[in-house]
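Let's work through some aromatic rings together. Have the model open beside you and try each exercise before reading its solution.

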Amino acid sequence: MAAIASSITPNPNHNAEVVVLSLRKPLSRSLFASNSTLFGNKFLGKSLSGSTRKSPQNGSDKARFSGLNPINASSHCFDVVVVGAGIIGLTIARQFLLESDLSVAVVDAAVPCSGATGAGQGYIWMVHKTPGNDKWELGMRSRKLWEVLVENIQHQGMNPLEIIGWKRTGSLLVGRTLNDSAMLKRRVDQLCEAGLRAEFLSSNDLLLEEPALMIGEEGGAAFLPDDFQIDAKRVAAYIEKANRHFASDGRYAEFYYEPATSLLRSGSGGEVKAVQTSKNTLYSKKAVVIAAGCWSGSLMHDLIRDSDIDLDVPVKPRKGHLLLLENFNSFKLNHGLMEMGYVDHQAATLHSSVSDSGLVHAQTSSVSMTATMDASGNLVLGSSRQLVGFNTEIDELIINRIWERAGEFFPTLKEFSLRDLSENREVRIGLRPYMPDGKPVIGAIPGLSNLFLAAGHEGEGLTLALGTAEMVANIVLGHPGEVDHAPFALESRCCILK
C-alpha cells in the first residue's frame, strides 16, 4: 500500500479530491469514472437552440474576463450553469430541470462522484443530529425528498436497492458508560418529540440487534429504525442519467474535464454573465451556481481575483479515511452504527499549521467509530477527520487507529491483523467541504448578481443534497421555500470587502 500511495501526486483538477486505493487493483482512471465513454465536453442529444452567442459589442455592456485574457473557445448559452458535479451540483441541476423549464449546464474539472461524494459511507441518518438547530429542518426536508425519490423508483417498477443502493437499515448511536446512556435517553426523547420513531436500547437489547457489538453492561444505544443508507456512486449515476433525458429537448449539457477558470461580468451592472472554462464560454441568463465542494472557497477566490470584490469563503478541505473490507464474513451488521463520540468528532474544530516549506501539519486529528455494510455486503469502517490541506495520501497511522477503535466495539476484529486482510482491503480518502461554524453556505453572493453558492456540507452532502437543491432553486426562481434559507446565507459568515 505504501508503494502505491507514494506514486500519487495531488490532482490539479479542482474537484478530483477523492482517492480510492486497493492492493488488488492497479491505480487507474477507472477508479474515478465507471464509464468514460459517457463523459466529455459535448452536448447530449440535440444541439441547444440558440446555444451560441457572441459577446455583446456595445462598450457599456461588454462582458469582461475576471483574471484571464479571452481564449479561443466555443460559446454556449444556458439559463443556469452549475459548477461542480458532486451530489450537490447534480441535484441542483436536477431540481431546475424538474421544477422549471430552464436549461442547465453542469461543468466540472473531473467527473461526477470524483470528490467527497464518492468516498463516503452513504448514510442518511438523523440519529446523531440535534432537533431545533439550524440544520435540522433542512435535514428533515431532505430526508423526506429522498423518501419521495425512492417511492418514485418503486412506482417505476424498479428496485431501489439495485438502482441506488437504498436500504432501510436503521441507525444506532451507541455509548459505553452510564453517562452515555443517560445522554442517549435524552436524545431519544428529543427525537421522538421532533416526530421521529426512536427508542433507547439497553446493552442486552442491543446485543439482540447486533450480536458482534460489545459495549458493556452500562452502555446502550439510540435506535432510529427508519434511517437508511444509499450508495453514493449509484445515486450520482441515477441522477445524472435522469438529467440527460432533458438533453434531447435542448435543456441539458455536460462539460466534464473542464475546470472553471474565470467569470465574465457585464461592464454596466456587474452581473455575472458567463463561466469561462478551459475549453468553452458558458453564458448564463439566470444564474451561475458554485457547488464545487471543498474547492469552492479557493475556486471563488480564483474566479473573482480581478474583480472589485474581495470575498473570503472559508470552505476548507477536511480529510477523511474509510477502511473497506471485502468478503469479510466473520460477522455481519444489521444496522448502521456510530459511537456517541462521533457527534463531538464531527463538530470538532481541528487546528493545523503551515511550515516554512509550505507543508500543512495537523496538530490534532480525530478518529471515531462508524460501521456500515454497503450495498455489496462489504464492511466499511471509519472515520477520521484532519485539516491537512488538499493532501490525499494514505496515512497508515490513521488507518491503524480506525482499525483499533473498531476493535474496541467489535472484539472479533482483534483476531485479525490488517496485514492478514491486505488482499481484501480498500482505503477511501475524501476531502470533506468544511465550514468553521458547521453549516453549509447556501444563497446569493452579495455584490455579484446572478452568482450563487452551495457548499460547506462537510460529511452531510448526501443527507442534505435534495433539500439544498430545492433551496437553491427556490432562491433563484423567487419561490417561497419549504425551509428558511436565512441561517445558511453568506452574510456575516463570509468576509466581503468592496
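**Exercise 1.** Is Trp-125 buried or exposed?

*Solution.* Buried means under 20% relative accessible area, exposed over 50%, and partly exposed in between (1.4 Å probe, protein chains only). Trp-125 has 0% relative accessibility, so Trp-125 is buried.

A note on the source: this is a predicted model, in which local features need pLDDT of at least 70, side-chain atom pairs count only at pLDDT 80 or more, and totals for chains, interfaces and linings use all residues. Residues are numbered from 1 along each chain as its sequence is written, and side-chain values use heavy atoms, with hydrogens and water left out.

**Exercise 2.** Classify the ring pair of Trp-166 and Phe-228.

*Solution.* Start with the rule: rings of Phe, Tyr and Trp (its six-membered ring) pair if their centres lie within 6.5 Å; planes under 30 degrees apart count as stacked, over 60 as edge-to-face and the rest as tilted. Here the centres are 6.1 Å apart and the planes stand at 50°, so the pair is tilted. Next, check burial: Trp-166 is buried at 15% relative accessible area, and Phe-228 is buried at 0%.

**Exercise 3.** How many aromatic pairs does the rule give?

*Solution.* The count is seven. One of them joins Tyr-123 and Trp-125: with centres 4.1 Å apart and planes at 20°, the pair is stacked. Tyr-123 is buried too, at 11% relative accessibility.

**Exercise 4.** Which residues do ring pairs link into a cluster?

*Solution.* The cluster holds Phe-328, Phe-331, Phe-410 and Phe-416.
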